[in-house]
Amino acid sequence: MGVSLNAVYNNYLTTYSRNHLTRYDTHKKSELRSVYNSIVKLNKEAPWYLPTTSKATQQYAIAIKENARELRNTLAQLGGMEENVLFNKKSSYTSDESIVSASYIGSQDPDKNVPDLEMEVHSLAVSQENLGMFLPDARIGLPPATYSFDVGINDMNYEFQFTVGESETNRDVQERLVRLINNSGIGIKADIAESEGRTALRLNSESTGLNPGKSQLFTVSDNKTSKKTGTVDYFGLDYISRQASNAHFSVNGEERSSASNHFTLGKLFEVRLHSTSEEGSPVRIGLKTDVESLADNVSHLVGGYNDFVKAAASYVETQSKSRQLVNEMRGIVGVYGSALESIGINLSEDGTLNLNRDVLHQAALQSDDITETFGSLKNLSGNLIRKSSQVALNPMDYVQKTVVAYKNPGHNFVSPYNSSAYSGMLFNSYC
């Protein structure tokens, strides 16, 4: 059962959940209880309908739920879940985004002084790379048999087994090992390197850097494996062509290091390193002006809304009720049409929004009361949060279904699982 569950979660994460999780994906017990109660209430009068068996429809339902979750998280990160934060949320800048990018994660208190930082990047954190022997595309030199080798990573040991056939070539087996390793999801990516008509297996760790006391991120051996040995030496899988190393940088002249290129600084900034800087030319990290921060927040809101509408519209040709969802989103924005136009936000025919930052800047600079000027945007944000929560709660509402029977009004019973049909879809063909 554990193997089946792992397969389910891996399939879900790689197929549907493309974006990283945020703190808004974690919930208190009271919030989970509220979600359950909402499902019970939602289904109390809902009719019974035939189960959905089409894989395309199942994927659509799960995708709609995930896109709704992503929209809600985008709005929440902009402060849409808190009173007045949407207009006060600070955003950061760096003087060279190609070297360092940053986002502000500190206090939103307008009176809090946040100093600028200067960062010099001396080296990036890099992953471990193992590069095997370059072999000709000829019949493999290993006798037909079942072979295995072990990969040790993150204090775990994984055994890979495969069979070598009578007429297989070096490349045939290399390509099979690439698929075997990549599909395992253990934190190593494999590919084939080519040089002068010869090919070699290349293994790269997904992690970077080294923790204290560690000399390698992963090891490859077949010394104690369960099947026939010899593949590690034959393919050269244990040769480390590049050692993992940490990122080295300085902040305001103070030398620091990190095992990752993604970290936080002083609980103020979340930083990503992209390349090294020239000596004596630090990158400045700081906060944008209030107007620039407001423009960034509005831009992210518009982008999150557009991503959701485009995702729903992409299913219009195959899922008839996706058009209903697009029209509902267009209707929500249409209520605030003229007010949004006055601050540079226009509704397109396809339901997406266009942002004119110049008009937005002008409206912000001329405003005596930001809250009043951008009140329509705050109301829109609240409506979008409610709509995205509703779609995430019951994506099956936007799936064409065949109704079997309507419940007897006043004599119904609780059925909390109907709107969670998409949960069963995840386990389809696994259990």
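This is a predicted model: local features need pLDDT of at least 70, side-chain atom pairs count only at pLDDT 80 or more; totals for chains, interfaces and linings use all residues.
Close-up 1. Asn154 sits in the loop that links strand E7 (145-153) to strand E8 (156-164). Its phi is positive, about 55 degrees, although Asn154 is not a glycine. Most residues other than glycine have a negative phi.

**Close-up 2. Asp155 in the loop between E7 and E8.** Asp155 is exposed, with 72% relative accessible area. Asp155 has a positive phi of about 60 degrees and is not a glycine.

**Close-up 3. The hairpin of E13 and E14.** Strand E13 (residues 247-251) and strand E14 (residues 254-258) pair in the antiparallel sense. Five bridges connect E13 and E14. Ala247 stands opposite Ser258 of E14. Two residues lie between the strands of the hairpin. In the turn, Asn252 has a positive phi of about 50 degrees.

**Close-up 4. Strand E13 and its pairing with E4.** E13 is mostly covered. Four of the five residues in E13 are buried. Strand E4 (residues 117-123) runs antiparallel to E13, and four bridges join the two. Glu120 has Ser250 in E13 as its bridge partner.

**Close-up 5. An open sheet of three strands.** The strand order is E3-E16-E15, and the pairing is antiparallel. Strand E3 (100-104) and strand E15 (262-265) stand at the edges. Each has a single partner strand, so one side of each is left without a neighbour in the sheet. Neighbouring strands of this sheet are turned by 25 degrees against each other on average, direction ignored.

**Close-up 6. Pairing of E3 with E16.** E3 and strand E16 (residues 269-273) are antiparallel and share five bridges. Val100 stands opposite Leu273 in E16.

**Close-up 7. A nonpolar surface patch.** Trp48, Leu50 and Val404 make this patch of about 290 Å². Leu50 lies in the loop between strand E1 (48-49) and helix H3 (55-77). Leu50 is partly exposed, at 47% relative accessible area.

Terms used. Residues are numbered from 1 along each chain as its sequence is written. Side-chain values use heavy atoms; hydrogens and water are left out. Patches are made of residues with over 30% relative accessible area and no salt bridge: like charges are joined within 9 Å, nonpolar side chains (Val, Leu, Ile, Met, Phe, Trp, Tyr) within 5 Å. Accessible areas come from the Shrake-Rupley method with a 1.4 Å probe; for residues, only the protein chains shown count as cover. A salt bridge is a side-chain nitrogen of Lys or Arg within 4 Å of a carboxyl oxygen of Asp or Glu. Buried means under 20% relative accessible area, exposed over 50%, partly exposed in between (1.4 Å probe, protein chains only). Two strands pair if DSSP finds at least two bridges between them. Axes are lines fitted to C-alpha atoms, for helices over the stretch in contact, and angles run from 0 to 180 degrees between N-to-C directions.
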